[in-house]
Amino acid sequence: MEEDFQRLFTAYNRHVLAYALRRCNERADAEDVVANTFTVAWRRFADAPADELRLPWLYAIAARVLANQRRSARRLLALRLRLREQPEAPQPERGELAEVLIALRELRPEEQEILRLAAWEGLTNAELAVALDCSENAATIRLHRARKRLAEQLVKEEPATGHSVTE
Amino acid sequence: MNDELARLAEANPVRIEDLDDSALPGFGPRSSPGRRLVTAVVLASVVAALLLGVVLFGISPHSQRGSTIGTADGPTGIQTMAQAIKAPIGGGKRVTLANAAAAIDAPVVLPNTSLVRPADAGPVWAWSNGADGLVVVTYPGKVLVIRYQRPFVGGDPLSTFTSVSKEIPSSHLIRLGGVPALAIPPNPDYHQIHFGRILFESNNLEIEVWGNYDEATLQSVAQSIVDRSGDSSSVLDSAMPLATVARPLPQPTAKEVSLDDASAALGEAIVLPDTSFVGPSDLGSVWVDGTGTPADTAAAVTFPSQGIFIVYRGGYTYSDSGYRAIAAQDLRSFQTISLNGRTALAVKQNSDQTGHNFGGVIFALKGLEIRVFGHYGEAKLLPIAQSIIDRSR
């Protein structure tokens with residue numbers, strides 16, 4: 001099992017770090033997320049899904065780790081300054097990209113997260129289901145709903161630009 | 001990829017290919033302090049977990065199954081529903097049903113079937129950013145959740161559900177009476193847990209019924225909501241489900257207590273009316289129901305000789321729009337009135353077609369929502385409400 005776990009770590013530590021960096025302000029916090037995620041993954045390795053679903057499974061664990069970090073941050077003022085209450089990505093410099101991030105922040109946290117997982121982590125609906133611990137149908141409907149809401153939010157924020165927002 | 005997702009993908013702040021290899025954690029030789037640190041933490045944790053498991057419990061990591069909600073280990077499939085019932089809206093808060101109506105700017109119409117009755121409703125959660133709102137009503141004892149989201153996104157419901165059904169091959173369009181809906185049969189998550197869903201539109205809300213039931217059962221719940229959405233009694237029942245003077249809090253968990261105990265549970269002194277018609281000396285029974293916190297507590301007092309009961313609900317945040325939304329939903333049954341300089345709700349007598357015959361006045365006062373009900377019209381009940389306001393000063 002140790003070899004399997006090492007393969008898992010080697011294959012995906014970069015992905016989990018990227019996931020964490022997208023949601024943390026500080027690199028040190030992101031590295032903590034990676035470390036804690038793989039620690040939990042080791043403890044629960046026997047419950048790991050099939051190989052092709054292990055990355056979203058790690059994302060699900062990382063999401064919990066992040067949530068726990070934020071709870072700790074609320075209790076510790078010093079950490080509170082380093083961690084954000086809600087996962088927020090750094091703002092890009094270009095205006096158009098900033099717009100989509102601003103629109104994203106207007107959505108509910110769950111909607112933001114499923115959109116990030118789909119757009120940034122590139123998960124399929126089946127993988128989203130594992131990452132969000134729900135059925136594929138549930139993931140599909142949630143993504144559909146969140147996508148619609150993001151599209152509507154984008155329209156609200158750029159009524160004069162004529163930017164195409166379609167299904 | 002859809003346009004909005006493509007735009008979001010383009011805004012990805014951290015691309016994997018841009019990560020500096022030398023900074024990556026990993027097993028094996030390390031070249032940077034960051035990598036050494038992360039790897040050391042992972043390895044140390046893994047070894048510690050192994051040792052603790054073996055030394056303290058004599059088990060291997062393989063035997064550590066099951067998890068707890070809220071831990072990093074994550075929920076199992078069954079716990080997904082438990083979690084949905086416990087805290088279904090991230091960023092949302094637990095509210096009263098009246099406050100929930102304000103979040104979605106519409107009454108929360110509850111189903112009434114052999115499976116779920118209004119009184120079965122458990123904790124209610126809401127989130128709103130002003131323009132959009134979401135309410136989730138949970139039925140912990142029934143493993144059922146109903147979510148109401150405003151606005152309905154996507155325009156025409158039929159075309160929207162048709163579009164979604166193409167993404168979910170097992171789903172299919174159904175009709176709830178004349179209302180198009182999408183039925184998504186139970187399908188397993190990777191834990192092999194099955195939950196089905198019914199989605200439909202009503203009053204510019206997207207309503208979703210989901211639970212551990214077959215399609216026919218979920219459809220009957222959804223149909224009940226559709227039926228009751230156009231039924232004035234449903235709105236009243238949502239506000240006062242099956243209440244009577246003898247049993248002003250119909251929930252089976254409600255219990256009779258002293259007035260002091262009810263005040264303590266509510267976190268506010270219960271102020272009784274004192275008018276020429278009804279006063280403290282007429283007080284009959286006092287009831288309380290809740291989970292222990294004032295925000296989740298309702299208390300009620302009865303005046304049997306006068307045929308009046310008054311319900312005090314804790315944790316209420318006054319919302320002008322909430323009462324206006326209820327009144328707008330059913331002008332035959334409700335009317336907004338001004339009481340103490342604020343919008344209040346008058347419930348017209350005989351508005352309920354299910355056997356209730358109450359008129360009522362509903363208003364907010366000091367973090368409470370107070371409902372004065374009785375077999376009378378507004379003219380008789382309004383002075384009672386005003387007396388409570390006056391005596392609370």
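**Figure 1. Helix 4 of chain B and the residue after it.** Asp105(B) follows helix 4 of chain B and has a positive phi, near 55°. The model shown here and in the other views is predicted. Helix 4 of chain B spans residues 97–104, and seven of its eight residues are buried, so the helix is largely enclosed by the rest of the structure. The buried residues are Ala98(B), Asn99(B), Ala100(B), Ala101(B), Ala102(B), Ala103(B) and Ile104(B).

**Figure 2. Helix 8 of chain A against helix 5 of chain B.** From helix 8 of chain A, the contact takes in Thr140(A), Ile141(A), His144(A) and Arg147(A). From helix 5 of chain B come Thr160(B), Ser163(B), Val164(B) and Glu167(B). By residue class, this contact holds two nonpolar, four polar and two charged residues.

**Figure 3. Helix 8 of chain A against helix 1 of chain B.** Helix 1 of chain B runs over residues 3–10. Its axis and that of helix 8 of chain A come within 9 Å and cross at roughly 80°. Helix 8 of chain A and helix 1 of chain B are therefore roughly perpendicular. Arg147(A), Leu150(A), Ala151(A) and Leu154(A) supply the chain A side of the contact. They meet Glu4(B), Leu5(B), Arg7(B) and Leu8(B). Five of the contact residues are nonpolar, none is polar and three are charged. Arg147(A) is listed in the contact with helix 5 of chain B and also in the contact with helix 1 of chain B.

**Figure 4. An aromatic pair between two helices of chain A.** The count of aromatic pairs over all chains is eight. In one of them, the ring centres of Phe5(A) and Phe38(A) lie 6.2 Å apart with the planes at 80°, so the pair is edge-to-face. Phe5(A) sits in helix 1 (residues 2–23) of chain A and Phe38(A) in helix 2 (residues 27–43) of chain A, so the pair ties together parts 33 residues apart in sequence. Phe5(A) and Phe38(A) are both buried. Ring pairs also join Phe5(A), Phe9(A), Phe38(A), Trp42(A) and Phe45(A) into a cluster.

**Figure 5. An aromatic pair between two loops of chain B.** A pair of aromatic rings is described by the distance of the centres and the angle of the planes. For Phe277(B) and Tyr376(B), the centres are 5.3 Å apart and the planes stand at 85°, so the pair is edge-to-face. Phe277(B) belongs to the loop between helix 8 (259–266) and strand 10 (286–290) of chain B. Tyr376(B) belongs to the loop between strand 16 (368–374) and helix 10 (378–391) of chain B. The pair therefore ties together parts 99 residues apart in sequence. Phe277(B) has 25% relative accessibility and counts as partly exposed.

**Figure 6. The two chains as context for the close-ups.** Chain A has eight helices and zero strands. Of its 167 residues, 57% are buried. Among contacts in chain A with a separation of 6 or more, 59% join residues 24 or more positions apart. Chain B has ten helices and 16 strands. Of its 393 residues, 53% are buried. Among contacts in chain B with a separation of 6 or more, 53% join residues 24 or more positions apart.

Key: Residues numbered from 1 in each chain as written. Chains lettered and ligands numbered in written order. Predicted model: local features only at pLDDT ≥ 70, side-chain atom pairs only at ≥ 80, totals over all residues. Heavy atoms only, no water. Contact = heavy atoms within 4.5 Å. Helix = DSSP H or I, 4+ residues; strand = E, 2+ residues; numbered from the N terminus. Nonpolar A, V, L, I, M, F, W, Y, C, P; charged D, E, K, R; others polar. Axes fitted to C-alpha atoms, helices over the stretch in contact; angles between N-to-C directions. Parallel < 35°, antiparallel > 145°, perpendicular 65-115°, else oblique. Buried < 20%, exposed > 50% of the residue type's maximum accessible area, 1.4 Å probe, protein only. Phe/Tyr/Trp six-rings, centres within 6.5 Å; stacked < 30°, edge-to-face > 60°.
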